[in-house]
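I opened my notebook for another look through a structure. Here is what I looked up, entry by entry.

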Amino acid sequence: MSHTQIDNCYDSHVHWQATGQNATRLLLHHLQSAGGIRGCEISQAHFLGDWLVGFGWDNNRWQDQTYPTKDVLDELFPDHPVSFSRADGHAAWVNSKALKLIGVLDEQGQVKNIPEMSGGRIVVDEQGKPTGILIDLAKSMVDQLIPEPDSNQVRSSLLQGVQTFNRAGFTHIRDVSCSEIQFDETCHLFEAGLLTLAVEQYFSADDPQDFDKALHLAKRARAENVPLVRAVGLKIYYDGALGSEGALISADYPSGSGMGLELLNRSELQNLMKLTWENKFDIAIHTIGDEAVHRVVVAAEELWTQGYKGHLHLEHVEMLRPETAKKMTGRPITCHIQPCHWLSDRRWLGEKLGDLERFVFPWRLLQESEVAFDFGSDSPIEEASLRTNLLALDESAVQGVPPLLGSALDYHSHPDKAWVPNTFSQFKEGELLSVVFKGTHLF
């Protein structure tokens, strides 16, 4: 990249509050094995209430790529419940104390109840005992028990997130995980003149049971009409992640774990689509596997045929089959892709997907099918970085992923060029030179 100016430099898929939390949370990306947790320095800042929480471990990076177990956590942290989120955010590594609190183990540590669930999995060993790994909706059983940060902590995280995105050159973000306390603190940042981001805001229902609450908040945010914050839509999950083999794909994973997880059945999915569109919001749906994308597109197609009107945003779309892309042409669909995930996933894509690897990272197929898409980072799952996405596009093309046509920068500029005028970022050879927001130089 030579000297370049990008108007309204845009990261189309982020978790704003979580990005800011990275400054103080226990980060586990560096672990090379489960035992590596013994070397971590734990501080009071890593606790929420009694819970020790951390983020970022990735067993796919370890020599022994099997999931970690609760044993080492029980040894080190016998008195506190522990929940460490996997790097993709779709699995939790927990200790026995946590398993007791969610009712899976009794007070003596014996198996009490392992509920059957669709859309989630409590991993058990050969004797049927929980290992300490909870995937997707099973993880939400623990998430619901972890105390929420207070308003001061949330405000601090949001401000740190603003600085993180601005320092990476981004002036516009699309945040897909807003809660009520986050929206309140966003308003406070704006009122204090500290919000130097234009935010497309989606209100998340990580658990489908929270959808009505998220919809109510979205309506409130739209009515309040805070400048720099557009209340655009609702965010739900349809499948899991590739790394934890929860993404719904069109054949069994070679490991034997099945095809992945479907978090909503067709009727549930369409009901949430209808509610969203009837209330004049867009719906954003987490879809990573090729079969997940296909089923969501077919479900939306049925509703559009019945006369429902609404925009569908497909989050991640890490895999896409040509017949699905064909169905998407001419429809009100936008895909949000993170090229940087290729850099993280390339080591194991072939091993996990086998012949289905040919469907990964489909930006060229989307271009040829004339389906709209934007690029983002999925921060803090990956670093908010224009340079990293450009590197991924270059290196993936060398490795056989069909290359993007034209300039990647077009997919990092917000589609509404009039939103926040006189706002731009300047780069030279990938390094940020300056950021101007509403005519004011930030850097």
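**Entry 1: Thr334**

Does Thr334 count as buried or exposed? I found that Thr334 counts as buried, because its relative accessibility is 10%; buried means under 20% relative accessible area, exposed over 50%, and partly exposed in between, with a 1.4 Å probe and protein chains only.

Before going on, I noted that this is a predicted model, where local features need pLDDT of at least 70, side-chain atom pairs count only at pLDDT 80 or more, and totals for chains, interfaces and linings use all residues. Residues are numbered from 1 along each chain as its sequence is written, and side-chain values use heavy atoms, with hydrogens and water left out.

Thr334 sits in strand 15 (residues 333–337). Helices (H or I, at least four residues) and strands (E, at least two) are DSSP runs, numbered from the N terminus. I then listed what Thr334 touches, leaving out residues up to four places away in sequence: His311, Leu312, His313, Leu314, Ala372, Phe373 and Asp374. Contact here means heavy atoms within 4.5 Å. With His311 there is also a polar contact, side chain to side chain, at 2.8 Å. A polar contact is a pair of N or O atoms within 3.5 Å; within protein, one must be able to donate a hydrogen and the other to accept it, and residues adjacent in sequence count only if both atoms are side-chain atoms. I also checked Ala284, which is 50 residues from Thr334 along the chain, and the two C-alpha atoms are separated by 9.2 Å.

**Entry 2: helix 8**

I checked the length of helix 8 (residues 266–278) next. Its 13 residues should span 18 Å at 1.5 Å a residue, and the end C-alpha atoms are 18 Å apart, which agrees. The expected span is 1.5 Å times one less than the number of residues. Leu269, Gln270, Leu272, Met273, Thr276 and Trp277 are the buried residues of helix 8. Seen down the axis, they fall within an arc of 160 degrees, so they line one face of helix 8; the arc is that of the directions from the helix axis to the C-beta atoms. The cover over these buried residues includes helix 7 (211–224), strand 12 (229–237), strand 13 (282–287), helix 9 (290–305) and strand 14 (312–316).

At the N-terminal end, Asn265 is the cap of helix 8, with a side-chain oxygen 3.1 Å from the backbone nitrogen of Ser267. After helix 8 comes Lys280, with a positive phi near 65 degrees.

**Entry 3: helix 5**

I gave helix 5 (residues 151–167) the length check as well. For its 17 residues, 1.5 Å a residue gives 24 Å, and the end C-alpha atoms are 24 Å apart, which agrees. Its buried residues are Val154, Ser157, Leu158, Gly161, Val162, Phe165 and Asn166. They fall within an arc of 165 degrees when seen down the axis, so they line one face of helix 5. Asn152 and Arg167 are exposed on the other side of helix 5. The buried residues pack against strand 2, helix 1, strand 10 (172–178), helix 6 (180–191) and strand 18 (431–437).

Asp150 caps the N-terminal end of helix 5, and one of its side-chain oxygens lies 3.2 Å from the backbone nitrogen of Asn152. Gly169, which follows helix 5, has a positive phi near 100 degrees.

Most residues other than glycine have a negative phi, and most peptide bonds are trans. With that in mind, I looked at Val317, which is not a glycine but has a positive phi of about 45 degrees. Val317 is in the loop between strand 14 and helix 10 (322–328), and it counts as buried because its relative accessibility is 0%. Asn422 is not a glycine either, and its phi is positive at about 55 degrees. At 49% relative accessibility, Asn422 counts as partly exposed.

I also found a cis peptide bond between Ser379 and Pro380, with omega about 10 degrees. Pro380 lies in the loop between strand 16 (372–375) and helix 14 (386–398). Both Ser379 and Pro380 are among the residues that His15 touches, and His15 counts as buried at 13% relative accessibility.
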